[in-house]
Amino acid sequence: MSENNASHVLAAPSLFARQLARATRAQGGIDLDALAGQVTSAYDELERSRRGTDDRNALISREFATLNANLERGVAELEAQNIRFGLALENMAQGLCVFDGAQRLIVCNKQFADIYGLKPEHVRPGTTFREIVAHRYAADSSPAMNQAEYLNWWERKRVSAVADETLVELRNGRVISIRDQPMPDGGWVATHDDIPERRTVEKRLAYMAHHDDLTGLANRVLLRQRLDEALTRARRGAAFAVLCVDLDHFKVVNDTLGHTMGDALLRAATVRMRQHLRDTDTLARLGSDEFAIVQCDMDQPVDATALAERLVRILAVPFDLDGQQAVIGASIGIAVTPGDGTDPDALLRNADRALTRAKADGRGCFRFFESGMDTVMQARRSLELDLRDAAARNAFHLHYQPLMSLRARRVGGFEALLRWNHPVRGNVPPAEFIPLAEEIGLITPIGAWVLHQACAQAATWPEGICVAVNISAVQFRGGALVETVASALRQSGLPACRLELEITESVMIENGEATLAMLRELRSTGVRIAMDDFGTGYSSLSSLRNFPFDKVKIDQSFVRELTDRPDCIAIVRAVTGICASLGMTTTAEGVETREQLAMLAAERCTDVQGYLFSRPCAAADLPDLLRTLHPAGPASPWPAP
Ligand code: C2E
Ligand code: MG
Ligand code: MG
């Protein structure tokens, strides 16, 4: 069949079918009626489908046309927006730059390039931040610090991802006000405002009046403003918290590593704290190592607790200051509205009281203000006055407790223990007044007196009997300790080998390299060094690695539970084993029973100290004590050999 015939068939199917039926009937062959019916319905089906395809095609082309129109409109809109954006960029008063998460320039305007003397080829999209900084250093439009310092500073700031405003003075004398806004992908947008000379002074004065110079944080003035604002909101029901944060051991770092490092530490601590604050919170620096935070519009006191926990944790992580490690920590006091105060002064005062409690409770922790704290503060102040008075009048005396050598079964020496008998308070326990004396710096003169007194006393004892003196971490500050020890030995005539200094591991943690140098110097004179209260801190083992102690005193908490807890035996065994292999002797503290003594002897402890042999007693009682214990008399509690 030709194509024409075919189209004819398609144009008149039922006619064709009928003709076909007639022709086949005439021939008396197959049932052409049925066949024609099938052909007709097949054709109808085909026709329906063709019409459907045409409809769909029409629909698609309509959609396509609409899309195309939209796209064209979109492109036109985008172009218009681009033009507007370009115009806005080029006509804004400030310089603007946008960097992506890979620190590559996305866009900047001409003003930005002009402020820093950068050529167009220096600010092509895709240029890295570091390359631009290098061009700025070449163009003398960099800040005063050197390039590496600047990049370090910038990196810390970038990682903190906090929006802020800073005033930067360039080497060429211009002052630029920079506002940074971090973006979620790690990039940032910054505006740079070249402050005209006449406005520079005004702007700087206004900035200085509200900011701390070192950290760029809010100062007391701005903090009070923020507190006032928060109090206004609080009247409408938005509770907020004030946190007073004090860096533990900051003064030690400042004294030992120098003020430049101290400043760097304050800046680094600021960066860490900011990472955990929201834009609505205010972080202010109140004094040397004191900070305050106003934490707004939160679920209080739950969120203040969460924030304080985080700050205590992150500030305890060692800081790396140009390769020098500094270990500090933080104590925090918290006051929450409305219960803890309804004006800025009351809130700050109460947060400060809670801070004092956190420090008294051992630092490295946080405390909420409680109404009873007032009384505690007053009691502390009164104790401080009495202690100062006692120090001025030299109202202390020493008691001595024997240190028993297990191997020789005799007295090896005595530990000098400070006593304060107050006319009204009675005997004040050292655990109460020594931490206070450390906090207010009185421990240095008191400690010097103890050294002189103990050496003078020991010089009267039989040869071979030593004296052990406790030295506080505070006495290592300022560097006078070596001379104090030398003068105590000189004046008493006691040989250096009969003096033992007991230090706790906090000494090693607080003072680092400077302490180690002093310990080495002391040891080189023949004085022995013992580590006291071993196992109570958190870096006992690393302390042992850092300095070759002569002796380790196992803390009495392990001895107390020795007979009930297998883990205590395991710890004692491990310590005596480590010490033996490091060439150190071991003294177990707080031995009160024969059972404990027998177990310690079995674990190869070399020396013991405790009420089982003697409580600390007055110097006058020592000759009697020596007679009973040295050499071991029949009544002495030594285990059978
Ligand atoms: P420490 O150096 O660990 O002294 C041992 C403490 O354990 C002494 O307490 C002693 O009396 C007590 N003790 C000894 N044997 C036993 C016992 O069998 N059972 C019990 N429960 N306790 C026992 P003390 O005299 O109250 O001194 C407490 C802490 O005060 C000392 O602990 C030391 O850290 C400090 N300290 C004492 N005198 C001075 C001093 O002159 N300078 C300095 N910086 N700290 C001192
Ligand atoms: Mg001691
Ligand atoms: Mg001890």
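User: Which polar side-chain atom lies 2.5 Å from a nitrogen atom of ligand 1?
Analyst: This is a predicted model, in which local features need pLDDT of at least 70, side-chain atom pairs count only at pLDDT 80 or more, and totals for chains, interfaces and linings use all residues. Residues are numbered from 1 along each chain as written, chains are lettered from A and ligands numbered from 1 in written order, and side-chain values use heavy atoms, without hydrogens and water. The pair in question is a polar contact (N or O atoms within 3.5 Å). The atom lying 2.5 Å from the ligand nitrogen belongs to the side chain of Glu592.

User: How much of ligand 1 does the protein bury?
Analyst: Accessible areas come from the Shrake-Rupley method with a 1.4 Å probe. Taken alone, ligand 1 exposes 790 Å². Of that area, the protein buries 82%.

User: Which element gives the largest share of the shell around ligand 1?
Analyst: Strands (E, at least two residues) and helices (H or I, at least four) are DSSP runs numbered from the N terminus. Two or more residues each come from strand S14 (410–422), helix H14 (430–439) and strand S18 (528–534). The largest share, four residues, comes from S14.

User: Which residue has a backbone atom 2.8 Å from an oxygen atom of ligand 1?
Analyst: Among the 21 residues around ligand 1 (a heavy atom within 4 Å), those that come nearest include Arg419, Asn470 and Asp532. The side chain of Asp532 places an N or O atom 2.8 Å from a ligand oxygen. The polar backbone atom at 2.8 Å from an oxygen of ligand 1 belongs to Tyr611.

Key:
Polar contact = N/O pair within 3.5 Å; in protein donor to acceptor, adjacent residues only side chain to side chain.
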